[in-house]
Amino acid sequence: MENKIHRVAVVGTGVLGSQIATLAACFGYEVSAYDSDEGSFERALDDLGSLIERRGERPVVSVEEWDKGARKVVVCKELEEALQDADIVIEAVPEDVELKRGVFQRLDALAPAKAILATNSSSIPISRIEGVTTRPEKCLNLHFYFPALGTNMVDIMGGTKTTDETIKVGKAWIRSVGGVPLTVNKEILGFCFNRVWRAIKRETLYMWAEGFVDFRDIDRAWMIFSGMSQGPFGLMDNVGLDVIYHIEMVYYNESKDPKDHPPEALKAMVVRKELGRKTGKGFYTYPDPEYSNPGFLEA
Ligand code: NAD
């Protein structure tokens with residue numbers, strides 16, 4: 001299919017937006033970016049450096065290409081300037097539905113009529129945002145996973161009026177930046193893989209909190225089974241246990257099912273500021289967690 005996207009605009013260049021902008025630039029797109037905090041693009045890329053080295057096992061682009069791509073992104077002072085002639089706009093501002101609705105209203109007013117408007121939200125379906133625009137048929141969820149350099153899959157989900165054509169163009173664009181589109185046919189919280197990952201988190205947190213199995217054995221089992229360099233608890237430490245707790249609460253608040261409530265023991269860790277890698281302690285201690293020791297998987 002002919003690629004209808006030439007110019008990409010990214011709005012919100014924190015942790016994820018900076019990566020999406022860079023990724024698109026690496027794959028030859030003209031990319032402009034806007035953030036209400038002017039220095040955010042540079043800062044986000046600086047923070048990403050060490051993580052890229054750790055998570056770049058199956059990189060979508062090499063670290064060298066990544067650096068070159070980042071330099072090609074045009075960071076604009078005004079939103080209007082960033083949206084000029086954009087074919088697709090990807091919003092990556094914080095996870096707050098009212099904030100996103102406000103941003104989408106401005107995007108709709110300022111972006112060319114041809115532009116597709118996408119949100120990178122981790123949990124808010126586009127159906128809760130599209131209503132503030134005059135082009136709901138061109139609105140969709142495009143959810144990149146972290147880090148966009150090493151995790152080449154993207155959830156794609158339409159809202160109540162998104163056309164097949166918009167989904168088709170979105171899928172083609174994801175493929176064109178080295179990604180695998182994961183198509184969600186019917187709206188669901190958590191999209192595709194987040195929901196799979198969430199089922200793993202819920203079960204393993206329960207097994208640990210209720211004292212059934214030591215978390216290290218759960219991680220060992222996972223690492224042997226999958227060949228990955230971390231198990232669920234190592235991964236949760238890397239994401240941040242505050243983030244994990246917050247996400248679990250989003251699911252609980254949606255379902256109100258007590259089984260969906262994250263364990264109190266996890267909340268206690270968050271209160272103690274044992275948030276994982278970023279505070280030096282979570283399930284493991286950092287910078288040298290036990291699961292990285294060569295002996296961790298020995299019998
Ligand atoms: P972040 O806080 O790192 O970045 C958000 C950026 O948006 C900040 O730089 C902020 O200055 C900017 N911003 C705030 N209000 C703005 C406005 N009105 N206009 C323009 N810029 C504005 O957040 P993040 O972690 O990059 O998350 C962004 C989105 O991506 C969220 O919806 C989140 O759920 C989603 N997401 C995050 C991850 C992740 O691992 N961090 C993964 C997948 C999806």
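Author: Let's start with a term: buried means under 20% relative accessible area, exposed means over 50%, and partly exposed is in between (1.4 Å probe, protein chains only). You're looking at a predicted model, where local features need pLDDT of at least 70 and side-chain atom pairs count only at pLDDT 80 or more, while totals for chains, interfaces and linings use all residues. Residues are numbered from 1 along each chain as its sequence is written, and side-chain values use heavy atoms, leaving out hydrogens and water.

Reader: OK, what does Lys114 count as: buried, exposed or partly exposed?

Author: The side chain of Lys114 meets that of Asp85 in a salt bridge (2.9 Å, N to O); the term stands for a side-chain nitrogen of Lys or Arg within 4 Å of a carboxyl oxygen of Asp or Glu. For Lys114 the relative accessibility is 40%, so Lys114 counts as partly exposed.

Reader: How many residues apart are Asp85 and Lys114?

Author: Asp85 sits in the loop between helix 4 (79–83) and strand 4 (88–91). Helices (H or I, at least four residues) and strands (E, at least two) are DSSP runs, numbered from the N terminus.

Reader: What phi does Asp85 have?

Author: Lys273, in the segment after helix 11, has a positive phi of about 65° although it isn't a glycine. Asp85 isn't a glycine either, yet its phi is positive, at about 60°.

Reader: Which helix holds both Arg220 and Asp217?

Author: These two also meet in a salt bridge, at 2.9 Å (N to O). They are three residues apart, about one turn of the helix, and that helix (residues 215–226) is helix 8.

Reader: How many salt bridges does the count come to?

Author: Some of them join up: Arg198, Lys201, Arg202, Glu248 and Asp260 are linked in a network. By the 4 Å rule, the count of salt bridges comes to 20.

Reader: Is Gly231 buried or exposed?

Author: Gly231 lies in the loop between helix 8 and helix 9 (232–239). Not counting residues up to four places away in sequence, it touches (heavy atoms within 4.5 Å) Asp219, Trp222 and Met223. With 0% relative accessibility, Gly231 counts as buried.

Reader: How much space lies in the largest cavity?

Author: On a 1 Å grid over the protein atoms alone, a cavity is a set of points where a 1.4 Å probe fits but cannot get out; a pocket is an open set with protein on both sides within 12 Å along at least five of seven lines, and lining residues have an atom within 4 Å of a point. Grid points are joined across faces, edges and corners, and a volume is the space filled by probe spheres set on the points. The search finds one cavity of 30 Å³ or more. The space in the largest cavity is about 40 Å³.

Reader: Which helix gives the most to the lining of the second largest pocket?

Author: This pocket has a volume of about 250 Å³, and its 13 lining residues include Arg202, Tyr206, Lys259, His261 and Pro263, which lie nearest its centre. By class there are six nonpolar, one polar and six charged residues; Ala, Val, Leu, Ile, Met, Phe, Trp, Tyr, Cys and Pro count as nonpolar, Asp, Glu, Lys and Arg as charged, and the others, Gly among them, as polar. With five residues, the helix that gives the most is helix 7.
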